[in-house]
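My entries follow in the order in which I made them.

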Amino acid sequence: MPGFILILIAALFFPGIILRVKSIASGRKGPGVLQPLKDIAVLLRKGSVFGSGTGIIFRIAPSLNLAAVIAVLFVIPFSNQPALIAFEGDFVFFAYLLALGKFFTVIAALDTGSSFEGMGANREALYSMLVEPAFFILLGTFAMFTGLTSFSEIFSHFHVTDNHYVVIYSIIGFYLLVQIAMIENSRLPVDDPKTHLELTMIHEVMILDNSGFDKALIHIASYLKFAIYGALMTAALVPAEWNLYLQIALFFVVQLVFALIIGLNESFRARNKMSRNPQYVLTLTAIALVAFVVVLILTGKLMQ
Amino acid sequence: MFVQVFIALILFSFGIFIIPRRFQFAYALTLTLVMAALTSYWAFDIMQGNRQFTHINFHVAALQSSFILVFDKLSAFFVLVVNLTVVVGLLYARGYLKPYCATKNTLSFAIHYFAFIWLYFSMLLVLACRDGISFLIVWEVMAVSSFLLVIFDAEDRNIMKTGINYLVQMHIGMVLLLIALLIVEKSTGSMSFDALADYFSQHSNWPLFLLFFAGFGIKAGFIPLHTWLPQAHPAAPSHVSGIMSGVMIKMGIYGIMRVLLSVQHDYLIIGIVLLIVSVISGVLGVMMAIVQHDLKRLLAYHSIENIGIIGIGMGLGVIGISMQNDVLIVLGFSGALLHVLNHSLFKSMLFFNAGSVYQAIHTRNIDSMGGLMKKMPFTALLFLLASLAICGLPPFNGFISEYLIYLGMFKSLEGIALYHSVLIVFGIVALTLIGGLAIFCFTKAFGIAFLGEARSPQAAGAKEVSASMLWPQAITAITIVAIGLASAWFVKPLFSMIADTYGIPVAEYVGFTKNLTGISMLAGIFLILVVALLVLRHVVLRHRPVRTGPVWGCGYTAATPRLQYTASSWADSYFKLAKPLLRTKVHNADIAEDEIFPVTKAYETHPEDAIKTGVVDAPVTRFLELLKKIAIMQTGQIQHYVLYAFVFMLLIFLLTYFQLI
């Protein structure tokens, strides 16, 4: 339960912190931390305009996507507290339910019949397909290391082993989760949320025709996803047997660092060339495989 | 009593030729339903463990031999899978065949129904025959009856050609099985599956297994033995493709399972071969599916992919036996078997709805569809449901079987030898990749075909198909959702079946059902959230101004439906990545230098099957060239032929004279 609440709190401030970091880095005064929340409040009060060709899929997709994101919140653990629902292999459910949300977002874009949205949907479907193996190999590595197969069990036993190399997996895990989260949430360097040309957009062009309530749901889902990945990073970095209050503090520190990374990344880096994106995304799978081999060596399987 | 009914049904099937046309469907349906009720009763009895086997023994005086039919738990499970899909398929066929009433005569309908009934009966018999000879006979009946079904539309010459191709390939598989069974007979004196265990205990296991695997693999459609599949499925009428893809190819899986039950050693090598072939089938199957424009061909390639997933499960199970890892055995095999059931449900449903679309707009080309969800809402909804299920997305049935396989892999990673870990990670990566590619493919199949604006006049004028083609699919749809939501109920019998077979104690697997309860709970939460959000959305939007307007065109106001993303453009970005493995023929004329006013241009892409070209076409062409060279002897002059005969006789004389033969 505490994990559930912590993630909700983190999600409230996450996008605002990214905004602040970006405006400070670029020397602008910029909006306040709460601006994204105010934007959502505005969107929720607005009416809606639907594209003339759109049908039911376009209308239900944002709700389905948000429902999927909220549902996966239930399997995210915090500290020694197991998640609200924990079972073996729950991370498979996690990945596949998020994929369900993505499936609907993609076909909703196709429902508009716009070639721009088709383009965005196509790219998003392609990149998120390529990023999946990295996530599964990472979890496979964790499972092999701990011998356990649910988020709650893996992370509560992650640091308990007397193996001092655990720091290595923590760091690799953190790095991979940051990268996966950036791709899943369509941030730099794969996608640039602030680009102004439809032809170079990925996620933004996919949701071009959403407005009002639905658009607000899309934003909420995206903020929650950030905080969920942030929680996973915390779990990979912070040993579960430390003091609970310290862990709560560290939870927010990790979220803050994650937001800082995204903000700085977007201030000082350009988006990849579109044709180089697949290569970039697949590199993560390669890194995950390297991590797997490292675990093989450290657990003594390879060097016996 | 039941046995007599069983035999009576088989005899009654011939009656279809003498009854009037308007009763033909009812007659076929009655036979099928009675048979389904009877065999399902047997199957449930066996699955519940009330008895171990059902024996049917009938003596044929003319042949002076008796045939013994045996249903055990494995066959009982497959019987249930077959029954469900065949009954739904026949109910669907009624509406699908209606447009053919005007062009086809009574006899061709009679042949069609007869072949249908016999495809069904032969599948049941395949599951029950243990004796080699009778097995091969019913295996042959299955091939011939499905051939007759494929060529229903044989006015089209291509369909006849495809049909012949199919028949030839089935017989190659048949020959392989015959050889395999003869090897068993030579060594043990009995040509039956029951004698396999004897053989395997005395000989090296993997060569004979590979022979069986090749023979059954042609039916199942493992790459590179798949080449009949993407041709035969689009050619057949849709209810037939649904049944062929949904259940008939599973007979190959059944055969492999049956042989695996008898294998005694060499587990590791068999498991590795199964796993590698399945991974290749799974990944390449879906990769080739993505570039297809023909909706039914796309689905056919997906069958290859799903056979790959089933094979991955089986391969892991076998590797589990070699490692004596009970978890992997139970989860691998039960995942594979559940996927057999799941695939039969959603794949048949996809084919049925592709057929409905074909009936409405008379094309299978995805690029000529578009916007069909507005014209055919129920068909679209069923297609969407099946698409989500085939992508393995929760809360539907495909997720459960893939989850079981995943869980088996993740649970086995700890504390095993290096090569086992590498194999399992290989399996995990493959399954993830297959899942991702399937989503990419079905967002295309559903999105381009059913959403957006109509891309052709036919699609614009499409009408929803008759109710008789829709409601039978409700049975399938309910089962898909039920397995997804109440998985424990369906998986438990599979667990106990596999545990019984391999002597695994209950304590080893009883905990897994708890995970399935967790899935059901989360799926329930998800559905509640969906409903809550949609209700909230409805309430909120009621008080807000809602209007429709044009979609964002970036300032361009004359957008036509032709500007939409097409099936080819959807596949293009991916195609560039996968180029080394895929082949597409492009017809495109560049603008000439002296062409001041460009004329109309056409751009066409034809996806090709690189494996078919390499493995089937190239050897056949080479063989034909060789035959052509030999054909020099065929001069057409009678004196030459007399001379050949003379030379031949001389040769025989000389050879015998010198005692060479």
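This is a predicted model: local features need pLDDT of at least 70, side-chain atom pairs count only at pLDDT 80 or more; totals for chains, interfaces and linings use all residues.

Entry 1, salt bridges. I counted 15 salt bridges over all chains, taking a salt bridge as a side-chain nitrogen of Lys or Arg within 4 Å of a carboxyl oxygen of Asp or Glu. I then followed a pair that crosses between chains, from B:Arg537 in helix α24 (residues 512-542) of chain B to A:Asp214 in helix α9 of chain A. The closest N and O atoms of B:Arg537 and A:Asp214 are 2.7 Å apart. Between chain A and chain B the count is 2 salt bridges. As background, side chains of opposite charge can pair when their charged atoms come close.

Residues are numbered from 1 along each chain as its sequence is written, chains are lettered from A and ligands numbered from 1 in the order in which they are written, and side-chain values use heavy atoms, with hydrogens and water left out.

I found 76 residues of chain A in contact with 78 residues of chain B (heavy atoms within 4.5 Å). The buried area is about 6,600 Å², and carbon and sulfur atoms give 77% of it; this is the accessible area (1.4 Å probe) that two parts lose on being put together, summed over both.

Which elements of chain A each supply at least two residues of the side that touches chain B? I listed α2 (35-45), β1 (48-51), α3 (56-73), α4 (90-111), α5 (115-146), α9 (212-237) and α11 (277-298). Helices (H or I, at least four residues) and strands (E, at least two) are DSSP runs, numbered from the N terminus. The largest share, 19 residues, comes from α5(A).

A:Phe50 stands opposite B:Thr548 in β3(B).

I logged a cis peptide bond between B:Ile223 and B:Pro224, with omega about 10 degrees. B:Pro224 sits in the loop between α8 (206-220) and α9 (229-235) of chain B. The bond from B:Pro394 to B:Pro395 is also cis, with omega near 0 degrees, and B:Pro395 lies in the loop between α16 (377-390) and α17 (397-412) of chain B.

In chain A I noted A:Ser186, a residue other than glycine whose phi is positive, near 55 degrees. A:Ser186 is in the loop between α7 (166-184) and α8 (203-206) of chain A.

Key: Two strands pair if DSSP finds at least two bridges between them.
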